[in-house]
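Subject: Structure handover

Hello,

Here is the structure for your own work. My notes on it come after the files.

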Amino acid sequence: MRKAAKFGLFLVMIMLMTGMLFAAGSKEVKPLNFALAGNPDTLDPHKTSGTLTFQTVKSVYDTLAEPDENGVIVPALAESWDVSADSLTWTFHLRKGVKFHNGDAFTSADVKASFERVLAEETASPHRKEMGIIASMDTPDDLTIVFNLSGPHAPFLATLASGWSAILPKSLIDTGHDFDSLPVGTGPFKLEEWVRDSKVVFSKNDDYWMKGLPKLDKVILHIIPETSVVVQGLISGQIDVVYIVDSDDIPMLEASPDVTLKENLTSLIMVMPMNTSKPPLDDIRVRQAINYAIDKQKILDIAYGGGETIGTFMDRGNAYYKDFTDLYPYNPEKAKALLKEAGVGNDVELKLYLPQNYTLHVKAGEMYQEMLTKVGLNVKIQLIDWSTWISDVYRASKFDLTVIGHTGKLDPDGTLGGYGEGKYVQWFNDDAAGLIKKAAATIGYEERKVMYDQVLEIMAKEVPFVYLGSSYRTTAYRSNVTGFRITPNLDTFDFRWTEFK
Amino acid sequence: MELLLFIVRRFLRLVLTILIISTIIFFVIRVIPGDPALVVAGIDASDDDIQAIRVRLGTDVPVGVQYVRWLSDIVRFDFGESMISGASVNKLILERFPLTLTLAVLGIMLGIIVAIPLGVLSAVHRWSFWDYFGMVYSQMGMAIPSFWLGLILLLVFAVKIPLFPLFGSDSLKHLILPAIALGFARAAVILRLTRAAMVEELSREYIITARAKGLTDRMIRYKHALRNAMIAVVTITGIQFGYMLGGAIIVEQVFSLPGLGRLFLYAIYQRDFPLIQGGVVFIAIVFSLVNFAVDILYSVLNPKIRIS
């Protein structure tokens, strides 16, 4: 027995020593350690809709234009642009002297090739239809690209500023390069390594077109699924930035002298959608009753860690937001009266489908159920996984009630497009649908705002949703980190200005 | 010759098993709700975009056609490409396997080092301190969830006393705590079994014969009884090892390790059909190989057991 014990001890020592050998010899520049909650599906921005992909490749790729800190779309790879009087011809003047990570010079041919790639059927981009407005492209010279649109389309600039309009080098597109795992762009960082489900390592692009940026030499995105490990990592200094922390962890982080917390309003639209084509939810009185029955601020505070109520289908911080929160205040008595009038009691079972991997929505769902039960409704919760949610609830409208948060969009058409003509809530309203289409074809904030105000009013009154609010997001940093930005509406990570004090 | 025949038969059985399992899986994942094209498309894509994605993924054709395509690919050991990431399934699995293998070997080694000596001691000296200790340990080992143990280990040995890293997977050092978290519960099972098998062997008639023959207690216990008891122990250890090679999902989540478990778990979440199928076939092969090794070990332990 003693022999075995000795042997065991010996083995453990060997392992420790090998471990130390491995760990030694990697002393270099201090990287920024960033906690990422999941593995990006792919690093090809043209082939996915995954948020994690866009959050990750924001550092590798640039777009012609991009949203600045305040969400205003500003020049990036294009220095300026003009739109023709009929809004059909958009001419972009490209920045000179920009280089791809592989050394290629950036020209209009790369822009054309990138959009042709998104538009190609075999790429099967989830954003192909969105780009379909491009009728043709001209490259009069190396630094000019002209987009000819098939109709006036206000959201076009927002499309160009989104991650899925990333510019890839033509030479590699032509050779069928593996952009899934080896992205090559013009961005502030080059991909050094991607170990799936473990880490993404970026190193500085010394030739970046923004002078003096990025400030960091190296960024490591550590893929850590367990939030308590992230919290401990932040407190102990092994992690420098956590993009979003659970409200449960906030007290612990506040107690740590080395951690700074920053709370800001997200562009999320938190809702409880209702299937308006299914009785009894086709009766507007029932939907109104459900809206009266919900204490919106309470759910925001408890389930989502705080936020601001909205009252219609637009995020609170959006330039197109209009306040309708007074329309359906919390009033359970009124809810009961309306339900009585509509003749709906607890003999009707309403199924509330909750996406189980989103724990916050599940928590919120339980609160919705409780509040609806109080006014005499019979709500049954069913947990489903995300794939089922997309296919059954979102695409096939097989649900009564569900809970979800819609991400903010750079252009209001991204948020509202398609409503009034069904969508998953099966809500039909010709006035709203007509206005949404008209607003998309109108250029100019003032003109569009008038139309969207009317759309938001119709949606606020007809309540195909319970509009809960936009939640707060708490980002946590080591106190010596400054300049980490989250791109407004796109929620991507921007490390260009990030540095250690 | 006999061995060769055995291997051939085993191999044929493996092929048949894989065929049956993969066929079941192939259809089951297509019957349950969820569509990989919708996972790729997200919620903003149009119906046309989704159809184009289905064409790219090859899910636009009838299931029967997909099945025939898949079968003709796997006979060439080509599991296709992940529908979600576009990477080759072979590559994804083989990339993860070394880590999972190392973790499983470490875990099972820790399990054996703790469990077998303790199990034998418990059986030989029944109702002694070691026996009680072993009982308490095995109760705890089976009752403590591995994610909890993992978190506690991290809190103590990576945060309070920072001997080990909190996350990452670059070196063997990253695998020590996960191996302990994994081995702890396995050890409990192996310990129980070792004790029970040993107690049973020690009460057999041949032990009395051996004793009458004048053999020392030492000889009887460790040469005769232990050897026979090992047959059951090897079986259970083999099965446990097989499970670990399939991926220890919970431990991988807690320790942020890029192992097979997480690969397959997300493949299921995202309805990544080729990756799920490849994973199932891979695990089936691993299980068969482990079982095969166990069978060989039987005949080493007891030459009377002929492989047949």
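This is a predicted model: local features need pLDDT of at least 70, side-chain atom pairs count only at pLDDT 80 or more; totals for chains, interfaces and linings use all residues.

Residues are numbered from 1 along each chain as its sequence is written, and chains are lettered from A and ligands numbered from 1 in the order in which they are written.

Confidence: the predictor gives an ipTM of 0.87 and a pTM of 0.87 for the complex. The average pLDDT (the predictor's confidence in each residue, from 0 to 100) of chain B is 87, and 98% of its residues score at least 70.

Contact: chain A contributes 48 residues and chain B 47 residues, where contact means C-beta atoms, placed from the backbone, within 7 Å. Helix 1 (2–23) of chain A gives the most to the side of chain A that touches chain B, ten residues. Helices (H or I, at least four residues) and strands (E, at least two) are DSSP runs, numbered from the N terminus.

Strand 21 (residues 465–478) of chain A: eleven of its 14 residues are buried, that is, with 20 or more other C-beta atoms within 10 Å of their own, all placed from the backbone. Strand 21 of chain A pairs (at least two DSSP bridges) antiparallel with strand 12 (residues 259–265) of chain A over seven bridges; there Glu263(A) stands opposite Thr474(A). Strand 13 (residues 269–273) of chain A is joined to strand 21 of chain A by four bridges, also antiparallel, and Val271(A) has Tyr467(A) as its bridge partner.

Regards

Conventions: Two residues are in contact if their C-beta atoms, placed from the backbone, lie within 7 Å. A residue is buried if 20 or more other C-beta atoms lie within 10 Å of its own, exposed if 12 or fewer, and partly exposed in between; C-beta atoms are placed from the backbone.
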